[in-house]
Amino acid sequence: QVQLVESGGGLVQAGGSLRLSCVASGSTFSINAMAWFRQPPGKQRELVAGIGRDGSTNYADSVKGRFTISRNNDEDTVYLEMNSLKPEDTAVYYCNAERWSDADFGYLEVWGQGTLVTVTS
């Protein structure tokens, strides 16, 4: 099994920065890609950024140039550096991992419980 625990959320003023962390535990060798999603208040969940084991990344247009996703495979941790934060970045941020399952002979998604980021004007 794989478990994900997010941390680093909090209250920040517009223009400020936060760094989110997601620590994976369990059968971490089975993890392929990892990603950050977010769900703003009253809105649907959306992809923020994704990263493969080789370090390749992709970003939502709304955060491109402001956010940076990275991972430390040795520490089984993925990060999201958030700069130039805007009130519209306010959301619960969720860590996601794509995990290979021998039992299912395919990839499964694992989710953290989320960490709240609130950006004030």
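Ser84 lies in the loop between β8 (77-82) and β9. In this predicted model, the phi of Ser84 is near 50 degrees, a positive value in a residue other than glycine. The relative accessible area of Ser84 is 41%. That value falls between the limits of 20% and 50%, so Ser84 counts as partly exposed.

A positive phi also occurs at Phe105, another residue other than glycine, where the angle is near 50 degrees. Phe105 is placed in the loop between β9 and β10 (106-111). The relative accessible area of Phe105 is 69%. Phe105 is therefore classed as exposed, since the limit for that class is over 50%.

A pair of aromatic rings is described by the distance of the centres and the angle of the planes. By the ring-centre rule, the count comes to three aromatic pairs. One of them joins Trp100 and Phe105, with 5.5 Å centre to centre and 70 degrees between the planes. The arrangement is edge-to-face because planes over 60 degrees apart fall in that class. Ring pairs link Trp100, Phe105 and Tyr107 into a cluster.

Two arginines were examined for charge placement over rings. The charged end of Arg19 sits over the ring of Tyr79, at 4.0 Å from the ring centre. The charged end of Arg45 takes a position over the ring of Phe37, where the distance to the ring centre is 5.4 Å.

The structure holds one disulfide. A disulfide is a covalent bond between the sulfur atoms of two cysteines. Here the partners are Cys22 and Cys95, and their sulfur atoms are 2.0 Å apart. This distance is within the 2.5 Å cut-off, so the pair is assigned as a disulfide. The link of Cys22 and Cys95 is left-handed, with -85 degrees about the S-S bond. Both Cys22 and Cys95 are buried.

Conventions:
Residues numbered from 1 in each chain as written. Predicted model: local features only at pLDDT ≥ 70, side-chain atom pairs only at ≥ 80, totals over all residues. Heavy atoms only, no water. Phe/Tyr/Trp six-rings, centres within 6.5 Å; stacked < 30°, edge-to-face > 60°. Buried < 20%, exposed > 50% of the residue type's maximum accessible area, 1.4 Å probe, protein only. Lys NZ or Arg CZ within 6 Å of the ring centre and 35° of its normal. Helix = DSSP H or I, 4+ residues; strand = E, 2+ residues; numbered from the N terminus.
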